Amino acid sequence: MYVSDLALNDFRSYREVVLALEPGVTAFVGQNGQGKTNLVESVAYLSTFSSHRVAADAALVRQGTGGAVVRAKIVHGDRPTLVELEIVAGKANRARLNRAPARTRDVLGVVRTVVFAPEDLELVKGDPGHRRRFLDELTVLITPRLSGVRSEYDKVLRQRGALLKSAGAARRRGGRVDLSTLDVWDGQLARAGAQLVTARAQLVRKLRPHVAAAYDQVSAGQGAARIDYRASIDVVDETPDLDAAELADDSAAGDAARGAVEAREEALLDTGAVTQRLLDAMGRLREREIERGVCLVGPHRDDLVLSLGTLPAKGYASHGESWSYALALRLASYEVLREDEASPWGRDGEPVLILDDVFAELDSRRRERLAGMVAHAQQVLITAAVPEDVPAALDGARFDVHGGEVTRA
Ligand SMILES: Nc1ncnc2c1ncn2[C@@H]1O[C@H](COP(=O)(O)OP(=O)(O)O)[C@@H](O)[C@H]1O
Ligand SMILES: [Mg+2]
């Protein structure tokens, strides 16, 4: 697929901009702060309803205005689809598909993007939250229905957390705690949580060979990358003495034998069994959860463990290795989306690649290898401060971005 037309109104720094784009490589070139990222961010936002830069939508709306509109024509094979999204700060987005009002979730997946950005280094070096978000956003692109499950889970998590806190406070005052409401939340958390866990574990299986292959290519054979899903439910189940258990978010790479790791992963693919295990774990952890006022088990405490050879990448990988790993995760996402046969777009579901200011971050060898690997994608949108940052293999159309004006060079 590719984006053939893009129009923004009051999105970020743009009052109005209209662009005609082509398949192949397009570079947006300009000094910092001129609005390059804002352009590609709008395309990425259409695909996931989230930005790689901010958590809240308010920042996407041009300062001093009430709402932003992003309009794009997406071409799948030879079928064009017109997507329109109105972003109103603090309210639900309004969507239109081919000019007819549509549910926002019907727009999810129409545009598929894979974004490479300097922030990706956090996938390797940062908190597990970055890696969970990476898995969840990709999951939703493949299975838009899970977007609802994801919001449901977040809602239940907040409400159950609030209940645990007030139960803890009541207990400390010596009052009685009504635990029947908690049982209801446990059930909801387990059902929504298990669907997320299973979807993520399935995704990790699909990504794994691609991550290994992409890492091998980006690093020119400098290491064996392997990704594993680390579920908090496994930590709880494998720790008989819960008081000694380390339920910290930051679980280290499992050193268990490969066979055990594989069996654990296999077990996560059974949603019914995971639901039951989550319920059992919440039962065992109840006292601790009330005491601490937080939900201690579930997909919000899971992690994606990135290993290089026998070491975890986090805390061990060099800066260059971390970059190779981050690129490998994005390249693997691209491959998984490309081979997703269940996509409503079939073979035309190949995502648009967005490379936001990444070449300046990479050494020349990684730059050239990455360029070679993405050069043949159907559409690649690149931002760079100077034309020299764009590798020769990615020669294509160019727009200059300056002071809010975008002009074809
Ligand atoms: N909601 C907004 N309203 C007005 N201006 C904004 C908004 N969000 C970002 N900007 C402006 O956009 C500019 C940054 O644009 P960006 O695309 O990140 O630049 P770059 O070309 O470096 O990628 C900054 O000057 C910032 O102040
Ligand atoms: Mg930028």
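In this report, helices (H or I, at least four residues) and strands (E, at least two) are DSSP runs, numbered from the N terminus. On that basis the protein has 11 helices and 15 strands.

The model is a predicted one, in which local features need pLDDT of at least 70 and side-chain atom pairs count only at pLDDT 80 or more, while totals for chains, interfaces and linings use all residues. Residues are numbered from 1 along each chain as its sequence is written, chains are lettered from A and ligands numbered from 1 in the order in which they are written, and side-chain values use heavy atoms, with hydrogens and water left out.

## Overall form

The C-alpha trace spans about 70 × 50 × 35 Å along the principal axes of the protein. Of the 409 residues, 54% are buried, where buried means under 20% relative accessible area, exposed means over 50%, and partly exposed lies in between (1.4 Å probe, protein chains only). When contact is taken to mean heavy atoms within 4.5 Å, residues 24 or more positions apart account for 71% of the contacts with a separation of 6 or more. The accessible surface, computed by the Shrake-Rupley method with a 1.4 Å probe, comes to about 17,900 Å², and 49% of it belongs to carbon and sulfur atoms.

## Charges and salt bridges

Lys and Arg count here as positive and Asp and Glu as negative, while His and the chain ends are not counted; the place of a charge is taken as NZ of Lys, CZ of Arg, CG of Asp or CD of Glu. The protein has 54 positive and 59 negative charges, and their mean positions are 4 Å apart.

Side chains of opposite charge can pair when their charged atoms come close. A salt bridge is a side-chain nitrogen of Lys or Arg within 4 Å of a carboxyl oxygen of Asp or Glu, and the structure holds 34 of them.

| Arginine | Partner | N to O distance |
|---|---|---|
| Arg150 | Asp136 | 3.8 Å |
| Arg160 | Asp186 | 2.6 Å |
| Arg286 | Asp183 | 2.8 Å |

In the pair of Arg150 and Asp136 (3.8 Å, N to O), Arg150 lies in helix H5 (residues 146-172) and Asp136 in helix H4 (residues 128-142), so the pair ties together parts that are 14 residues apart in sequence. Arg150 is partly exposed, with a relative accessible area of 24%, whereas Asp136 is buried at 7%.

The salt bridge between Arg160 and Asp186 links helix H5, which holds Arg160, with helix H6 (residues 180-218), which holds Asp186, so that parts 26 residues apart in sequence are tied together. Both partners are buried, Arg160 with a relative accessible area of 0% and Asp186 with one of 6%.

For the salt bridge of Arg286 with Asp183, the arginine lies in helix H9 (residues 271-292) and the aspartate in helix H6, so the pair ties together parts that are 103 residues apart in sequence. Arg286 is buried at 14% relative accessibility, while Asp183 is partly exposed at 44%.

Elsewhere, Arg205, Arg208, Arg226, Asp228, Glu262, Glu265 and Glu266 are linked in a network of salt bridges.

## Individual residues

Arg367 lies in helix H11 (residues 364-374) and is buried, with 17% relative accessibility. Leaving aside neighbours within four places in sequence, Arg367 is in contact with Phe359, Ala360, Leu362, Glu388, Asp389 and Pro391.

Ser307, in strand S10 (residues 303-308), is buried at 8% relative accessibility, and its C-alpha atom is separated by 40 Å from that of Lys91, 216 residues apart along the chain.

Most residues other than glycine have a negative phi. Asp10, however, has a positive phi of about 50 degrees although it is not a glycine; Asp10 is found in strand S1 (residues 2-11) and is buried, with a relative accessible area of 18%. Arg99 also has a positive phi, near 75 degrees, and is found in the loop between strand S6 (94-97) and strand S7 (100-102), where Arg99 is exposed with a relative accessible area of 58%.
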